[in-house]
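User: Could we go through this model together? I would like to begin with the overall architecture and then turn to the aromatic contacts.

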Amino acid sequence: MELLADLVERCQHRLVRYLLYLTGRREYAEDLAQETWIRVLQRGSQYNGRQRFDPWLFAIARNLAIDYLRRKRKAVATVSLPNDRDAMLLLPSSDPSPFEAAARSEDAMRLAGRLQILPPLYREALLLRFQEDLSLAEMAQVLGAPTTTVTSRIYRGLAALRSAFEEGDSHGG
Amino acid sequence: MEGDKRFRELIDRSFVEEVSEGERQLIHDHIRDCDGCKRYLELTARTIRGLREFTFTSEPDSNAQVRQILAHHTQTTRQHNVQVKVWAAFAVALLMSFVGTALVYQVAKLLAVPIHFNTAQVQAGVLVFWLLPSLCAALRLLAAPGENRGIA
């Protein structure tokens with residue numbers, strides 16, 4: 001229990017941030033983070049200590065988030081991509097952006113609007129690579145996808161965000 | 001144009017994956033003469049820098065809340081496990097009471113013949129001196145004190 005408390009101390013903030021990128025909504029992220037820790041408590045014995053803890057934690061959180069979003073948006077999902085588990089993450093959130101609240105620079109502010117409408121699949125890939133600094137192999141473990149898919153998501157995400165600057169700069173002068 | 005596309009893919013790769021020193025030099029040499037690719041590289045770097053400039057604040061008591069939930073969950077699970085064990089023990093004790101009673105009844109019937117006890121007397125004896133005490137012993141498991149109690 002003490003070990004788990006240490007892990008909560010170390011990872012809770014990053015877990016909520018990851019879930020925020022995934023769901024686009026603060027209240028979902030907080031709830032899912034709590035559920036994730038309960039799952040960690042129940043399945044702690046399945047963790048093989050040879051690998052880093054964070055990817056394992058994120059993988060649990062991701063599965064819970066997908067199930068949660070599936071329950072929330074079942075009707076929409078069956079219309080879009082019925083057989084793909086990741087389909088839930090292609091649905092952008094339409095709620096007020098938590099990204100704007102987190103932007104700490106003018107550039108980040110510019111990106112915030114794009115992040116909100118970016119499909120969560122790409123958002124999470126960008127977060128895991130550039131904020132969590134996970135390796136591509138670790139990302140593949142979290143996303144349950146081959147590294148080629150992982151890199152392709154990162155490139156597409158980057159392209160979408162880069163255009164925020166391209167358009168902004170061309171409008172600006 | 002096709003060459004630019006190749007270089008831009010290489011630029012993307014240099015931010016995401018490991019690229020060789022030779023490839024890095026190739027990019028460096030190319031952007032000296034190509035403004036389009038130079039701008040592409042700058043925008044990509046700026047995008048990644050921008051992404052790192054997001055700071056999400058947590059609820060102040062978020063960690064404490066999670067720890068509290070986990071402690072409660074652990075406690076509940078432990079109680080549930082104890083209850084399951086107690087009910088299992090009760091079921092076994094109950095089964096043994098009835099099986100034991102059947103055996104004792106058979107033996108008592110044999111022993112009752114020389115001393116001229118009739119069937120009703122044997123049944124009453126087994127009931128009072130065997131079945132009821134063993135049922136009470138089984139029921140005591142459910143009424144154990146504290147968290148070992150089977151009846152929550």
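**Architecture and aromatic contacts**

Analyst: Chain B has 5 helices and 0 strands. Please note that this is a predicted model.

User: What pattern does chain B follow along the sequence?

Analyst: Chain B reads α-α-α-α-α.

User: And what is the radius of gyration of chain B, against that of a compact globule of 152 residues?

Analyst: The radius of gyration of chain B is 40 Å, whereas a compact globule of 152 residues would have one near 15 Å. Along the principal axes, the C-alpha atoms of chain B fill a box of roughly 120 × 35 × 20 Å.

User: Is B:Thr101 buried or exposed?

Analyst: B:Thr101 counts as buried, at 12% relative accessibility; the cut-off for buried is under 20%. B:Thr101 also lies in helix α4 of chain B.

User: Which residues does B:Thr101 touch, leaving out those up to four places away in sequence?

Analyst: B:Thr101 touches B:Met96, B:Val126, B:Trp130 and B:Leu131.

User: How are the charges of chain B placed?

Analyst: There are 17 positive and 16 negative charges in chain B, and their mean positions are 15 Å apart.

User: Now chain A, please. How many helices and strands are there?

Analyst: Chain A has 9 helices and 0 strands. Of its 173 residues, 53% count as buried. The accessible surface of chain A comes to about 7,800 Å², with 51% belonging to carbon and sulfur atoms.

User: What share of the contacts in chain A between residues at least 6 apart in sequence joins residues at least 24 apart?

Analyst: The share is 62% in chain A. For chain B, the corresponding figure is 61%.

User: On to the rings. How many aromatic pairs are there over all chains?

Analyst: The count comes to 11 aromatic pairs over all chains. One of them is formed by A:Tyr21 and A:Phe99, an edge-to-face pair at 5.2 Å centre to centre with 80 degrees between the planes.

User: Which parts of chain A does that pair tie together?

Analyst: A:Tyr21 lies in helix α1 (residues 2-23) and A:Phe99 in helix α5 (residues 98-102), so the pair ties together parts that are 78 residues apart in sequence. Both A:Tyr21 and A:Phe99 are buried.

User: What geometry do the rings of A:Phe99 and B:Phe56 have?

Analyst: Their centres are 6.2 Å apart and their planes lie at 85 degrees, so this pair is edge-to-face. A:Phe99 is in helix α5 of chain A, while B:Phe56 is in the loop between α3 (35-51) and α4 (62-112) of chain B, so the pair joins two chains.

User: Why do A:Phe99 and B:Phe56 count as buried?

Analyst: The cut-off for buried is under 20% relative accessible area. A:Phe99 is buried because its relative accessible area is 0%, and B:Phe56 is buried because its relative accessibility is 5%.

User: Which residues do the ring pairs link into a cluster?

Analyst: The cluster consists of A:Tyr21, A:Phe99, B:Phe54 and B:Phe56, linked by ring pairs.

Conventions: Residues are numbered from 1 along each chain as its sequence is written. Chains are lettered from A and ligands numbered from 1 in the order in which they are written. This is a predicted model: local features need pLDDT of at least 70, side-chain atom pairs count only at pLDDT 80 or more; totals for chains, interfaces and linings use all residues. Side-chain values use heavy atoms; hydrogens and water are left out. Helices (H or I, at least four residues) and strands (E, at least two) are DSSP runs, numbered from the N terminus. The radius of gyration is taken over C-alpha atoms; the globule rule is 2.2 Å times the number of residues to the power 0.38. Contact means heavy atoms within 4.5 Å. Lys and Arg count as positive and Asp and Glu as negative; His and the chain ends are not counted. The place of a charge is taken as NZ of Lys, CZ of Arg, CG of Asp or CD of Glu. Rings of Phe, Tyr and Trp (its six-membered ring) pair if their centres lie within 6.5 Å; planes under 30 degrees apart count as stacked, over 60 as edge-to-face and the rest as tilted. Buried means under 20% relative accessible area, exposed over 50%, partly exposed in between (1.4 Å probe, protein chains only). Accessible areas come from the Shrake-Rupley method with a 1.4 Å probe; for residues, only the protein chains shown count as cover.
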